[in-house]
Amino acid sequence: MEKARVYWFFGLSGSGKSTLSDAFALRLNDFGQHVFRLDGDELRKGVNKDLGFSQEDRMENVRRAAEMAQLALTQGFTVVASFISPEEIHREKVRSVLGEYVEMIFVDASIDTCRTRDVKGLYQQVEKGNIKEFTGVSAPFEMPNMEELRISTDGTTVEHCVNVLWEKLIVSRK
Ligand SMILES: Nc1ncnc2c1ncn2[C@@H]1O[C@H](COP(=O)(O)OP(=O)(O)OP(=O)(O)O)[C@@H](O)[C@H]1O
Ligand SMILES: [Mg+2]
């Protein structure tokens with residue numbers, strides 16, 4: 001049995017965090033792991049309903065998520081989390097809560113790709129001036145240093161990306 005871990009997917013809105021997290025979580029399920037999924041959108045509907053998108057609130061958003069991941073981890077769950085986590089300080093917070101148990105995965109797609117996908121119509125709303133402080137447009141996204149695991153979703157299929165992640169995170173770590 002694999003050691004319980006937290007897989008923390010981060011990147012721009014529309015980069016593919018939720019899509020890859022869901023697919024990766026399904027595969028972990030098939031592999032016999034008990035998986036706990038945490039997703040930014042879901043948390044913002046409930047637990048983190050009181051938070052907005054200021055620097056301070058974004059930090060609190062990831063801090064609470066990391067603490068929830070920690071709780072699930074101590075109960076033997078494998079956690080798959082997807083949060084924009086836009087700046088290095090947010091990623092540092094996650095690492096400081098979860099330590100050696102977390103794998104940070106940078107889901108990389110260009111802002112043009114994300115804008116073209118515009119899964120939730122958010123980029124269009126930003127364009128119309130209806131959303132302030134949007135990551136990658138009017139709020140910062142800090143590129144991670146390249147020591148971290150990076151998966152590019154530009155011009156690749158979900159299946160290919162999950163295969164690559166599986167190989168790097170599971171197969172080669174056995
Ligand atoms: N290789 C790929 N990996 C992941 N998603 C891909 C890939 N190729 C195309 N896509 C598409 O890109 C979109 C990614 O949307 P998704 O909701 O997963 O983004 P997100 O990073 O979770 O955004 P948000 O931060 O707004 O929640 C989906 O429509 C997905 O089908
Ligand atoms: Mg998402």
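The model is predicted: local features need pLDDT of at least 70, side-chain atom pairs count only at pLDDT 80 or more, and totals for chains, interfaces and linings use all residues. Residues are numbered from 1 along each chain as its sequence is written, chains are lettered from A and ligands numbered from 1 in written order, and side-chain values use heavy atoms, without hydrogens and water.

Next, display the polar contacts of the ligand (pairs of N or O atoms within 3.5 Å). A polar side-chain atom of S18 is 2.9 Å from an oxygen atom of ligand 1, and a polar backbone atom of G16 is 3.0 Å from an oxygen atom of the ligand. At T157, a backbone N or O atom lies 3.3 Å from a nitrogen atom of ligand 1. Of the 640 Å² of accessible area that ligand 1 has on its own, the protein covers 81% (Shrake-Rupley method, 1.4 Å probe).

Finally, show the largest pocket, where ligand 1 sits (more than half of its atoms lie within 2 Å of the grid points). On a 1 Å grid over the protein atoms alone, a pocket is an open set of points where a 1.4 Å probe fits, with protein on both sides within 12 Å along at least five of seven lines; lining residues have an atom within 4 Å of a point. Among the 33 lining residues, S13, D41, I84, K120 and L122 are closest to the centre of the largest pocket.

Definitions and conventions
A polar contact is a pair of N or O atoms within 3.5 Å; within protein, one must be able to donate a hydrogen and the other to accept it, and residues adjacent in sequence count only if both atoms are side-chain atoms.
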